[in-house]
Amino acid sequence: MQTFLQQVINGLSLGSIYALLALGYTMVYGIIKLINFAHGDIYMIGAFWGYYVINTYHVNFFVALISAMIISALLGMLIEVLAYRPLRHSPRITALITAIGVSYFLENGMSFLFGADTRDFPQAVAQHNYHVLGITVSNIQVLILVTAVVLMIGLQLIVQKTKMGTAMRAVAVDPEAAALVGIDPNHIISFTFGLGSALAGAAGVLIGLYYNSIDPLMGMTPGIKAFVAAVVGGIGSIPGAAIGGFVIGLLETGVQAIGLSAYKDAAVYIVLIVILVILPSGLLGKNVKEKV
Amino acid sequence: MATKWKAALCWLALAAAGFGLINVLIGVGVIDTFIENMLVTIGINIILATGLNLIIGFSGQFSLGHAGFMALGAYATAIITSAMPTVGGFYLSVAVGIAIAMVVAVIIGIPTLRLRGDYLAIATMGAAEIIRVILNNLKITNGAAGMFNIPALAGWPTVYVMVCLTTLMIVNFARSRAGRAIQAIREDEIAAEASGIDPTKWKLAAFVMGAATAAIGGSLDAVYIQTIAPGNFGIMNSIAILIIVVLGGVGSMTGTFMAAAVLGVLDTVLQSFGALRMVIYALALIAIMVFKPSGLLGRYEVSIRAWLDRKGVNNAASNSNRAE
């Protein structure tokens with residue numbers, strides 16, 4: 001029971017990182033139907049920014065987190081304007097290849113400029129372990145979980161309650177109709193990229209704090225896992241992405257805990273395929289009927 | 001003689017001429033081992049990418065798991081040729097690789113081909129990753145270290161002949177009844193189904209065909225490079241093949257040839273840039289996509305038959321002019 005609870009705590013910490021990343025994928029996919037392959041690399045940039053400001057200016061953790069979110073948001077919007085906007089009316093597979101190009105560019109550009117070696121992320125928050133009911137919870141795990149939940153609630157409020165959020169949902173449903181009622185789709189798409197990238201930047205700083213190591217290729221695998229999480233939750237659905245992230249995180253730690261860590265990636269993909277075969281649009285996705 | 005046979009003879013002559021040309025150029029020393037290496041890589045990429053183009057461009061199914069099937073062929077060859085290091089053993093291993101890839105493609109395809117678009121892409125990607133994880137953990141495949149000292153049983157002539165054969169097979173498949181059926185499904189699945197085409201059956205046929213050619217590519221890769229590891233067959237390798245297809249133009253086999261050649265040459269030229277290589281490659285990729293969104297050739301195909309037909313029409317027209 002204790003081991004089980006311990007693994008749940010570990011799974012929730014990892015899951016909140018996946019969930020934060022998955023939210024960006026799901027929002028961007030919901031609005032322009034693009035698998036933004038560069039999303040994992042924005043998470044990497046967020047982690048590197050956190051590393052840079054903490055080491056150079058010795059700022060505290062929250063300043064690093066907020067500034068990484070702002071930098072990531074700006075970068076995400078810049079990428080959208082330069083690389084994706086010219087392809088708004090091209091075949092979707094073209095935009096996908098461009099996204100892969102952007103991802104290669106960020107990974108290799110960072111390796112070229114700052115070296116491909118792994119660095120130690122500074123300990124901006126001293127680690128304390130709490131022992132509750134026989135399980136060990138570190139303050140960093142609590143911090144990750146709380147930050148992730150606060151950001152998710154904030155996102156849900158933005159999307160559901162603000163004017164910008166309403167416009168986002170309108171563009172996701174029908175960009176042309178939204179344009180007719182005076183919403184500028186380009187403006188909204190930029191905003192969506194900004195929001196998603198900010199969450200990815202936050203996830204990058206949090207993972208740096210949790211695992212203590214960052215490198216230019218760190219975004220690849222979590223990026224793909226987070227996309228799987230978004231698909232499992234039902235792509236386009238914000239609560240779905242959050243649930244999908246936690247499901248994948250718990251699954252991975254669970255498989256690792258029973259001694260099959262070599263197969264943890266396979267387990268994630270088997271669950272993905274099974275869920276897609278049973279529920280083709282994911283756990284919370286809307287099933288769109290095709291009309292003849 | 002029917003134009004059909006004339007066109008076929010022309011292609012045969014072209015293929016033979018190409019073979020002769022490479023032979024002569026190697027003889028006089030224009031093609032050194034460096035360039036020969038590049039040509040073989042281009043050839044293997046053509047085999048892989050034409051198969052993927054059949055799946056993506058002709059049947060309209062977005063598969064991101066091509067490297068998984070390639071891995072099956074590569075491992076079949078590595079395991080069989082280490083026991084039977086003869087040319088016969090190599091061809092046996094190619095056949096076994098194809099058979100395994102086809103069976104696995106059926107197993108993966110039946111549940112996943114019901115999915116559409118990006119969902120299919122992500123499911124096939126997952127399936128390929130599962131193959132990779134299994135190869136990574138089996139004893140017979142030597143785990144994550146991979147297999148080395150695979151006997152060098154195929155040089156550029158084998159690769160050249162295989163490129164011609166697989167292309168012939170795929171182009172003929174695309175022009176046959178099956179090819180017309182899968183193109184009808186690509187354009188409108190419901191309309192195709194209403195006219196009596198079974199979408200699942202034909203989509204699966206294209207998927208299995210693509211998987212079989214991927215296995216051939218994998219086998220050739222194993223005996224040419226002589227070292228394979230599960231890490232060579234990950235998502236990024238599937239994406240590398242996808243890039244060739246999209247860059248050339250989805251649905252254009254000529255485009256696939258051209259893109260494989262362009263990328264192969266670009267890669268060789270960029271070797272001298274060291275760490276900047278991938279940065280330039282990435283920028284080139286973004287630039288081509290932004291300025292030429294439909295790929296280098298769109299859906300254009302070079303067809304000797306169409307050219308002969310046009311010439312025939314012109315001749316007939318000029319003949320009838322003379323008769324008047």
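pLDDT is the predictor's confidence in each residue, on a scale from 0 to 100, and the legends that follow describe a predicted model.

**View 1. Confidence along chain A of the predicted model.** Averaged over chain A, the pLDDT is 89, and 98% of the residues in this chain reach 70 or more. Within chain A the confidence is lowest in strand β2, residues 129-132, where the mean is 81, whereas it is highest in helix α3, residues 61-84, where the mean is 93.

View 2. The fold of chain A as a whole. Chain A contains 11 helices and 4 strands. Its radius of gyration is 19 Å, close to the 19 Å that the globule rule gives for 292 residues, so chain A is as compact as a globular protein of that length. The hairpin of β2(A) and β3(A). Strand β2(A) and strand β3 of chain A, the latter covering residues 135-138, run antiparallel and are joined by 4 bridges. Val132(A) has Ile135(A) in β3(A) as its bridge partner. Between the two strands of this hairpin there are 2 residues, and Leu133(A) takes a positive phi near 50 degrees there.

**View 3. The largest nonpolar core and the surroundings of Ala202(A).** The largest nonpolar core holds 202 residues, of which Ala19(A), Leu20(A), Leu23(A), Ala202(A) and Ala229(A) touch the most other members. When its neighbours within four places in sequence are left aside, Ala202(A) is in contact with Leu20(A), Gly46(A), Leu65(A), Ala68(A), Met69(A), Thr147(A) and Leu151(A). In soluble globular proteins, nonpolar side chains tend to be buried together.

**View 4. The side of chain A that touches chain B.** Here 35 residues of chain A are in contact with 33 residues of chain B. On the side of chain A that touches chain B, at least two residues each come from α4 (92-114), α9 (220-233) and α11 (264-278) of chain A. The most is given by α4(A), which supplies 13 residues to this side. Sorted by kind, the residues on the side of chain A that touches chain B are 27 nonpolar, 7 polar and 1 charged.

**View 5. The fold of chain B as a whole.** Chain B has 13 helices and 0 strands, and from the N terminus on its elements run α-α-α-α-α-α-α-α-α-α-α-α-α. The radius of gyration of chain B is 21 Å, close to the 20 Å that the globule rule gives for 324 residues, so chain B is as compact as a globular protein of that length. Taken along the principal axes, the C-alpha atoms of chain B fill a box of roughly 80 × 60 × 45 Å. Buried residues account for 46% of the 324 residues in chain B, and residues 24 or more positions apart make up 80% of the contacts in chain B with a separation of 6 or more.

**View 6. Gly60(B) in the loop between α2 and α3 of chain B.** Gly60(B) is placed in the loop that lies between α2 (33-58) and α3 (66-83) of chain B. Because Gly60(B) has 20 C-beta neighbours inside 10 Å, this residue counts as buried, the cut-off for a buried residue being 20 or more. Apart from its neighbours within four places in sequence, Gly60(B) is in contact with Ile185(B) and Arg186(B). From Leu9(B), Gly60(B) is 51 residues apart in sequence and 31 Å apart in space, C-alpha to C-alpha.

View 7. Asn142(B) lies in the loop between α5 and α6 of chain B, and its phi is near 65 degrees, a positive value in a residue other than glycine. With 19 other C-beta atoms within 10 Å, Asn142(B) is partly exposed. Asn149(B) also lies in the loop between α5 and α6 of chain B, and although Asn149(B) is not a glycine, it has a positive phi of about 55 degrees. Asn149(B) is exposed, because 10 other C-beta atoms lie within 10 Å and a residue with 12 or fewer counts as exposed.

**View 8. Gly155(B) and its distance from Val40(B).** The loop between α5 (117-137) and α6 (156-175) of chain B is the place of Gly155(B). Gly155(B) has 12 C-beta neighbours inside 10 Å and so counts as exposed. In sequence Gly155(B) and Val40(B) are 115 residues apart, while in space they are 8.1 Å apart, C-alpha to C-alpha.

Terms used. Residues numbered from 1 in each chain as written. Chains lettered and ligands numbered in written order. Rg over C-alpha atoms; globule rule 2.2 N^0.38 Å. Contact = placed C-beta atoms within 7 Å. Nonpolar A, V, L, I, M, F, W, Y, C, P; charged D, E, K, R; others polar. Pairing = 2+ DSSP bridges. Core = buried A, V, L, I, M, F, W, Y, C linked by C-beta atoms within 7 Å.
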